[in-house]
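Work through the exercises below with the sequence and the 3D structure at hand. Try each task before reading its solution.

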Amino acid sequence: MTSDDFPSSLSGRLIEIAKVLGAISIIVGFFGGAWSVTYGPLRDLLDQWEEVQTDIADLQDRMAQVQGEDRVIREVPGLTYVAEPVYQGERIVFNFVAERTRLGEKCILRYSQPIFTDMLNIPTPGERRQAARQISNNPTPLRPGYTPPVNLRPGRVTVYLILAYTCDGKEVFDQTSTAAFELLEGPRP
């Protein structure tokens with residue numbers, strides 16, 4: 001409408017009424033949309049969507065933990081053991097099969113430290129050993145040897161390795177699963 005008077009023809013009146021209704025529908029649509037996002041059903045849908053995204057991220061974190069992806073290495077289950085018999089004063093051979101995870105691809109193994117526990121249930125560190133080689137990205141059998149501390153009592157002994165890595169300039173620690181063995185009174189007959 002270019003002038004102050006309302007059109008007198010029917011088609012002119014319909015056009016003006018359509019313009020007014022269009023403007024009202026835009027205003028109502030804007031406020032209706034704002035209401036649905038802040039208080040209405042769309043808000044509930046967006047909240048559910050956010051909750052699902054959080055649940056998916058949490059599930060991915062748990063799966064990474066279950067699959068060992070949150071560690072530097074992943075061991076093949078059931079293949080960690082100590083070759084027996086072991087007598088006091090003898091070296092043990094700690095057998096395990098491990099591979100690097102995506103997190104550990106760029107990490108460099110610096111050393112390993114065995115932790116022994118006998119029937120007194122007191123963790124005792126063994127000799128620290130510098131890394132002779134790196135663990136590859138494929139399952140790799142490893143057989144490092146360690147001498148148990150002299151203060152371990154004969155009987156059931158458990159051992160695991162603490163592995164020290166350098167990852168992007170930071171020191172990162174990981175550990176193997178525990179292996180049990182029978183420590184016999186020495187020396188070997």
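Helices (H or I, at least four residues) and strands (E, at least two) are DSSP runs, numbered from the N terminus. The model is predicted, so local features need pLDDT of at least 70 and side-chain atom pairs count only at pLDDT 80 or more, while totals for chains, interfaces and linings use all residues. Residues are numbered from 1 along each chain as its sequence is written, and side-chain values use heavy atoms, with hydrogens and water left out.

**Exercise 1. A cis peptide bond**

Task: Find where Pro-85 lies and describe the peptide bond from Glu-84 to Pro-85.

Solution. Step 1: Pro-85 is in the loop between strand E2 (81–82) and strand E3 (86–87). Step 2: Omega of the bond from Glu-84 to Pro-85 is near 0 degrees, and the bond is cis.

**Exercise 2. Strand E5 and its partners**

Task: Which strands pair with E5, and is E5 mostly covered or uncovered?

Solution. Step 1: Two strands pair if DSSP finds at least two bridges between them. Step 2: E5 runs antiparallel to strand E10 (residues 155–167), and nine bridges join them. Ile-115 has Tyr-160 as its bridge partner in E10. Step 3: Strand E7 (residues 129–130) is also antiparallel to E5, with two bridges; here Tyr-111 is partnered by Gln-130. Step 4: Three bridges link E5 to strand E6 (residues 123–125), again antiparallel, and Phe-116 has Thr-124 as its partner in E6. Step 5: Buried means under 20% relative accessible area, exposed over 50%, and partly exposed in between (1.4 Å probe, protein chains only). E5 (residues 108–117) has eight of its ten residues buried, so in these terms the strand is mostly covered.

**Exercise 3. The hairpin turn**

Task: How many residues lie between E5 and E6 in their hairpin, and is Asn-121 buried or exposed?

Solution. Step 1: The hairpin of E5 and E6 has five residues between the strands. Step 2: Asn-121 is in this loop, and its phi is near 60 degrees, a positive value in a residue other than glycine. Step 3: Asn-121 counts as exposed because its relative accessibility is 60%.

**Exercise 4. The disulfide**

Task: Which cysteines does the disulfide join, and why is it called right-handed?

Solution. Step 1: A disulfide is taken as a pair of cysteine sulfur atoms within 2.5 Å. Step 2: The structure holds one disulfide, from Cys-107 to Cys-167, with an S to S distance of 1.9 Å. Step 3: The torsion about the S-S bond of Cys-107 and Cys-167 is about 120 degrees, so the disulfide is right-handed. Step 4: Cys-107 lies in the loop between strand E4 (92–100) and E5, and Cys-167 in strand E10, so the pair ties together parts that are 60 residues apart in sequence. Step 5: Cys-107 is buried at 5% relative accessibility, and Cys-167 is buried at 11%.

**Exercise 5. A proline in a loop**

Task: What does Pro-148 touch, and is Pro-148 buried or exposed?

Solution. Step 1: Pro-148 is in the loop between strand E9 (145–146) and E10. Step 2: Contact means heavy atoms within 4.5 Å. Not counting residues up to four places away in sequence, Pro-148 touches Glu-90, Arg-91, Ile-92 and Phe-116. Step 3: The C-alpha atoms of Pro-148 and Phe-116 are separated by 7.2 Å, although the two residues are 32 residues apart along the chain. Step 4: Pro-148 is buried because its relative accessible area is 8%.
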